[in-house]
Amino acid sequence: MRLRHLRRRGALAAAATTLAVLCAGQTLAAPQAAAAPVPALGREVRASTASELHTVQDAAARAIAGALTDPGWRARVRQAAMASDVVAVTALADGALRTALAAADRRIAAAKGLAPDVGPLLRLRLGDPSMRAALTAGTEPWVAAATSDDGPVTAYDGKGRAHTLDARKAPARPVYVVDVDGSRALAAGLDVLHEELARRGVRSAGPAPEPEQARSRAAAAGLWTTRITAVSLSDDQEPWIKGDAEIYTLVTGFGHDGKVRVDPVDMPYLDNDGTVYRPQQILVNWSSYKYDLADAVMMEEDGSTNYRDLAKAIAAVLLTVTDQGAYTPLVNALLDAIPDDWWTDDPDYVDSWYTLARTDSGTRYGARGNGWMTLEPYFVQEL
């Protein structure tokens with residue numbers, strides 16, 4: 001549904017009012033129609049995370065587009081977008097618009113299962129570097145919300161009119177994209193995932209060792225890990241509207257108590273496909289595992305993940321898997337734990353690696369054929 005056309009005078013305040021209405025749980029109908037309430041988030045009636053985020057981001061995009069009719073605001077946004085890849089749009093705004101965008105940030109955090117004090121999550125960026133010349137020349141920019149799939153992109157002009165764009169081909173006209181700060185959301189989300197898994201009985205991220213194992217490692221004066229020396233993805237399948245990928249890996253195996261554990265590993269450097277990264281990052285800490293085998297499932301944070309719900313689903317399935325005295329691969333169980341309707345993008349599941357061994361050295365290709373990692377055993381010396 002379209003916004004009413006915003007007059008140039010008072011555009012910032014009008015846009016902020018519109019966004020505030022939407023963030024309060026209402027949406028605007030056609031011009032001159034009364035605002036109709038939509039169900040609030042709750043246990044009985046709850047919009048999916050993806051639809052909730054789309055509603056908030058789309059409202060923010062329309063409000064920002066309307067506010068761009070103010071010359072001062074338009075110049076500030078242009079300068080910020082030309083100077084940086086991403087702009088903290090809430091901090092850049094002021095007055096009523098800033099208040100409304102802050103409310104949108106809190107609504108996004110709630111939809112993703114994050115704490116309300118996680119910080120600003122809305123950000124703005126120029127859709128593609130090819131748009132810089134037109135923006136510099138003074139072409140009126142449109143504003144679009146980052147889509148959660150590969151379908152058409154809806155962009156808004158300063159009068160609130162909607163324009164349909166191809167998600168796979170960047171337009172000549174400059175387009176500001178409003179989306180969620182994936183790096184901030186993922187970092188906070190992995191903390192939530194760890195906490196929720198632990199609360200539900202799935203160990204995660206380095207529990208205290210058993211006494212005999214502690215003595216053994218103390219004698220060894222260190223611990224064995226598996227380190228990533230190089231990694232690359234063949235295709236992150238990200239259209240121009242979505243920008244860089246946000247990748248993380250869930251390492252799974254059996255803890256020393258014989259119960260399944262899940263250790264989230266953030267991979268913030270893995271932005272683009274076709275690029276070889278050499279992070280020297282520790283993937284597996286073998287001191288946490290009973291067997292010298294573990295699995296790894298690489299995922300993408302696409303914005304629509306609710307981390308508390310994800311932890312609940314993973315725990316419900318993995319707690320039914322028991323140690324039979326020999327290692328059992330856990331990739332399929334982990335993927336089966338995630339309902340299909342929670343994920344809106346194909347690349348949410350990037351790739352998986354079965355039965356990684358402590359002695360693995362060399363390149364391992366993912367089961368999906370979408371990525372590879374070069375691994376090496378790495379002994380971490382005790383200080």
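Me: Why is S304 called buried?

Reply: In this predicted model, S304 has a relative accessible area of 4%. Buried means under 20%, so S304 counts as buried.

Me: Where is S304 placed, and how far is S304 from S48 in sequence and in space?

Reply: S304 is in the loop between β12 (293-300) and α9 (307-318). Along the sequence, S304 and S48 are 256 residues apart, while their C-alpha atoms are 8.6 Å apart in space.

Me: What makes α2 roughly antiparallel to α5?

Reply: The axes of helix α2 (residues 49-67) and helix α5 (residues 95-111) come within 10 Å and cross at roughly 165°. Angles over 145 degrees count as roughly antiparallel, and therefore α2 is described as roughly antiparallel to α5. The crossing in which α2 passes α5 is left-handed.

Me: Which residues make the contact between α2 and α5, and how many are nonpolar, polar and charged?

Reply: From α2, the contact involves T49, E52, L53, T55, V56, A60, A63 and A67. From α5, L97, L101, A104, R107, I108 and A111 take part. By class, this contact has ten nonpolar, two polar and two charged residues.

Me: How do you know whether Q57 is buried or exposed?

Reply: Q57, which is found in helix α2, has a relative accessibility of 7%. The cut-off for buried is under 20%, so Q57 counts as buried.

Me: Which residues does Q57 touch, not counting residues up to four places away in sequence?

Reply: With those residues left out, Q57 touches L122, A145, A146, V178, D179 and V180.

Terms used:
Residues are numbered from 1 along each chain as its sequence is written. This is a predicted model: local features need pLDDT of at least 70, side-chain atom pairs count only at pLDDT 80 or more; totals for chains, interfaces and linings use all residues. Side-chain values use heavy atoms; hydrogens and water are left out. Axes are lines fitted to C-alpha atoms, for helices over the stretch in contact, and angles run from 0 to 180 degrees between N-to-C directions. Helices (H or I, at least four residues) and strands (E, at least two) are DSSP runs, numbered from the N terminus. Angles under 35 degrees count as roughly parallel, over 145 as roughly antiparallel, 65 to 115 as roughly perpendicular and the rest as oblique. A crossing is left-handed if the near helix is turned anticlockwise from the far one by less than a right angle, and right-handed if clockwise. Contact means heavy atoms within 4.5 Å. Ala, Val, Leu, Ile, Met, Phe, Trp, Tyr, Cys and Pro count as nonpolar, Asp, Glu, Lys and Arg as charged, and the others, Gly among them, as polar. Buried means under 20% relative accessible area, exposed over 50%, partly exposed in between (1.4 Å probe, protein chains only).
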